[in-house]
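Please look over the sequence and the model below before reading on, and keep both at hand while you work through this report.

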Amino acid sequence: MATETLAPAPRRPVLDRLRRDRRAQLALPVLLLLVLAAAARPFMTDRMRATDTGALLAGPGAEHWLGTDELGRDVLARIVAGAMVTTEVATVTVGAALIAGTVLGLIAGYRGGWLDSVIMRLSDGLLAFPLLVLALTVVAALGPGLRNALIAIAVVTTPRFARVVRGEVLSLRTREWVSAARIVGVPQTAIMRRHLLPHLAGTLLVFAALQVSTAIMAEAALSFLGLSVQPPQPSWGAMVASGTDHLSASWSLSVFPGLAILLTVAAFNMLADALRDALDAHRPQLTPPR
């Protein structure tokens, strides 16, 4: 009986392809700057809270590089401090959704039957609502605050991972190496963990990078509406909202936090595209035997 064999993988590894990709070259410095800014928050606490009453709504200058807000607080210091919120969104919400969605998708795709129907119908019900509308509903039920916003974003993102994982598992579970594992008596949990999950890593990595952008935008929208980070803690979305009330007096108050959101989201999207191309080129191709 004809069997499937794996063609040799490309010689250049994924990291080498990423290093040569122009999108990754542009995205990685931005993301590195985000991590450094988040790590620098403890050192920016005093400057973030300090007020300069003689420079209210001041524009960019030598003393305040990006200007000040309506209370005389340094905009640059608050943007740097707000990077911690963005980092939490990228790690906590997407990490939780990745774990929960992968488990649910593996169970639904491999086990099938009534478990598949229940998990997918629940996922379809959540996916029927726009992400921001559903997040607003969850936050409204739990109350405003960063923790509840993170929970809301994780909840509404989980079905997306579950749907992607289930689709991949439905394709993989019919492969001969999965059938062989079942025949020799390998437990189902071991098959999912050892044989299916490693083949999902590339797809999940790319999808997670894309979902980070969505999560950052969702948190920024919740902050803009006053439902995420509460004052006086800084958040990029809240800073944009605050700046809209003073656009005629200080354009920089909204523009610079908005640029921070734009650059971060664009960096994650470019990194996801670069990862996808690098992994697709590196992935072994199935070819018929000679």
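## Confidence in the model

This is a predicted model, and its mean pLDDT over the chain is 86, with 92% of the residues reaching 70 or more. Where pLDDT is low, the predicted coordinates should not be read in detail.

## Overall build

The chain holds 11 helices and 2 strands, and reading along the sequence gives the pattern β-α-α-α-α-α-α-α-α-α-α-α-β. The C-alpha trace spans about 85 × 45 × 30 Å along its principal axes. Among contacts between residues at least 6 apart in sequence, 73% join residues that are at least 24 apart.

Of the 290 residues in the chain, 43% are buried, while the accessible surface comes to about 15,100 Å², with 66% of that area belonging to carbon and sulfur atoms.

In soluble globular proteins, nonpolar side chains tend to be buried together. In this model the largest nonpolar core has 68 residues, and the members that touch the most other members are I79, L196 and W236. Helix 9, which runs over residues 188-224, supplies the largest share of this core, with 15 residues.

Which residues does L196 contact, once its neighbours within four places in sequence are left aside? The contacts of L196 are L106, Y110, V169, L172, R173, W177, V178 and I191.

Helix 4 covers residues 75-111, and A81 is found in it. Is A81 buried or exposed? A81 counts as buried because its relative accessibility is 0%, and the cut-off for this class is under 20%. Not counting residues up to four places away in sequence, A81 touches R41, M48 and P234. Although A81 and L127 are 46 residues apart along the chain, their C-alpha atoms are separated by 33 Å.

L76 also lies in helix 4, but L76 is partly exposed, since its relative accessible area is 27%. When residues up to four places away in sequence are not counted, L76 touches W65 and L66. The C-alpha atoms of L76 and N269, which are 193 residues apart along the chain, are separated by 24 Å.

How far apart in space are the C-alpha atoms of L210 and A272, which are 62 residues apart in sequence? The separation is 6.0 Å from C-alpha to C-alpha, and A272 is in contact with L210, as is N269, when neighbours of L210 within four places in sequence are left aside. L210 has its place in helix 9 and counts as partly exposed because its relative accessibility is 33%.

R22 gives another example, and this residue lies in helix 2, which covers residues 22-39. The C-alpha atoms of R22 and L271 are separated by 9.8 Å, while the two residues are 249 residues apart along the chain. R22 is exposed because its relative accessible area is 60%, and the class of exposed residues begins over 50%.

## Backbone details in two loops

The peptide bond from P231 to P232 is cis, with omega near 10°, and P232 is found in the loop between helix 9 and helix 10, the latter covering residues 236-244.

The other place is L57, which is found in the loop between helix 3, covering residues 41-49, and helix 4. Phi of L57 is near 55°, which is a positive value in a residue other than glycine.

Key
Residues numbered from 1 in each chain as written. Predicted model: local features only at pLDDT ≥ 70, side-chain atom pairs only at ≥ 80, totals over all residues. Heavy atoms only, no water. pLDDT = per-residue confidence, 0-100. Helix = DSSP H or I, 4+ residues; strand = E, 2+ residues; numbered from the N terminus. Buried < 20%, exposed > 50% of the residue type's maximum accessible area, 1.4 Å probe, protein only. Contact = heavy atoms within 4.5 Å. Areas by Shrake-Rupley, 256 points an atom, 1.4 Å probe, with all protein chains shown as cover. Core = buried A, V, L, I, M, F, W, Y, C linked by side-chain atoms within 4.5 Å.
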